Amino acid sequence: MNLLKIGISNFFIIRTISTIFLFATIKLEAVSQSQFKDQGKGKIILKWYLTPLDNPEVNELYLQYVYYIKSNLVLQKDTIYNENIIKDNLINQGELKVKVTNPDYIINLTKKLVRSDLKEAPNKMKDVALLNFGPELFYKALISPPVVTQIDTTSHIPTYTIAGLECFKGSANLMNSNFEFFYTKSRTNVLSPLNSFIPNFPFQILRIKIPLDNNPNAISDFIVESICEEIPKDIEDLITW
């Protein structure tokens with residue numbers, strides 16, 4: 001499937017997410033100063049798919065995030081890109097060079113900062129404001145949560161299995177955009193990054209389907225692929241500030 005044929009570009013994908021979620025958080029930055037919840041401990045693999053509505057069985061992976069979470073510190077490591085999609089889109093936009101990089105980084109939710117360049121010496125590492133850190137989509141929404149309305153969770157029969165857990169389907173509205181989400185009532189030791197999109201929701205959100213505002217024929221589909229409540233010792237040693 002060539003996503004360019006349905007008019008999806010890398011620029012518009014990012015624009016869509018910014019419009020639907022991140023722009024909404026900026027309005028509330030001054031009034032949302034509460035402490036973050038302890039995020040628990042574990043590893044979460046989260047995948048971002050692009051899906052044409054005329055063929056919903058076809059999900060094409062765009063990005064894969066791997067998060068190692070320990071209390072209020074989050075290590076993002078080993079991101080996987082669909083380089084073919086990005087390459088096609090850059091060439092379509094007239095770019096001659098294709099470079100796909102996303103360094104590992106640590107998020108300090110208490111300080112609202114991100115530290116990247118983790119391979120550098122400690123005195124050369126750079127701390128930047130989480131809200132201004134482009135590569136991170138999910139945890140920056142915790143800084144100033146979006147206002148979500150019309151949350152409907154009337155479905156009481158679990159009809160989906162995500163990351164090995166029974167899930168229910170819900171719907172909600174943000175800035176006049178309707179979207180679907182899927183949540184589990186099962187308890188885990190680590191909180192899903194997707195819960196940042198629906199503040200104070202009492203259950204774990206494992207999937208969100210967001211319409212593309214520039215193209216009614218496709219959606220972005222965020223899915224938690226797996227949850228592990230253990231972190232390898234060598235990785236856990238990296239989760240420091």
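Predicted model: local features only at pLDDT ≥ 70, side-chain atom pairs only at ≥ 80, totals over all residues.

The charged end of Arg-115 sits over the ring of Trp-241, 3.9 Å from its centre, where sitting over a ring requires NZ of Lys or CZ of Arg within 6 Å of the ring centre and within 35 degrees of the ring normal. Lys-185 is placed over the face of Phe-168, with 4.7 Å to the ring centre.

Residues are numbered from 1 along each chain as its sequence is written, and side-chain values use heavy atoms, with hydrogens and water left out.

The secondary structure comes to 3 helices and 13 strands, taken as DSSP runs (H or I of at least four residues for helices, E of at least two for strands) and numbered from the N terminus. Of the 241 residues in the chain, 45% are buried, meaning under 20% relative accessible area, with exposed being over 50% and partly exposed in between, for a 1.4 Å probe and protein chains only.

Turning to salt bridges, defined as a side-chain nitrogen of Lys or Arg within 4 Å of a carboxyl oxygen of Asp or Glu, the count comes to 9. One of them joins Asp-221 and Arg-207 at 2.6 Å, N to O; since Asp-221 lies in strand E13 and Arg-207 in strand E12, the pair ties together parts that are 14 residues apart in sequence, and both residues are buried.

Next, the rings. Rings of Phe, Tyr and Trp (its six-membered ring) pair if their centres lie within 6.5 Å, with planes under 30 degrees apart counted as stacked, over 60 as edge-to-face and the rest as tilted, and a search of the whole structure finds 17 such pairs. Tyr-67 and Tyr-139 are edge-to-face, at 5.3 Å centre to centre and 75 degrees between the planes. Tyr-67 is in strand E2 and Tyr-139 in the loop between strand E7 (126-129) and strand E8 (149-152), so the pair ties together parts 72 residues apart in sequence.

How are the rings of Phe-138 and Phe-197 arranged? Their centres are 5.8 Å apart and their planes are at 45 degrees, so the pair is tilted. Phe-138 counts as buried at 0% relative accessibility, and Phe-197 is buried with a relative accessible area of 0%.

That residue leads to the core. A nonpolar core is a set of buried Ala, Val, Leu, Ile, Met, Phe, Trp, Tyr and Cys residues joined through side-chain atoms within 4.5 Å, and in the largest one, of 46 residues, Phe-138, Phe-181 and Leu-194 touch the most other members. Strands that each supply at least two residues of this core include E1 (41-52), E2 (60-70) and E13 (215-228). A second, separate core has 9 residues, among them Ile-45, Val-66, Ile-106 and Ile-239.
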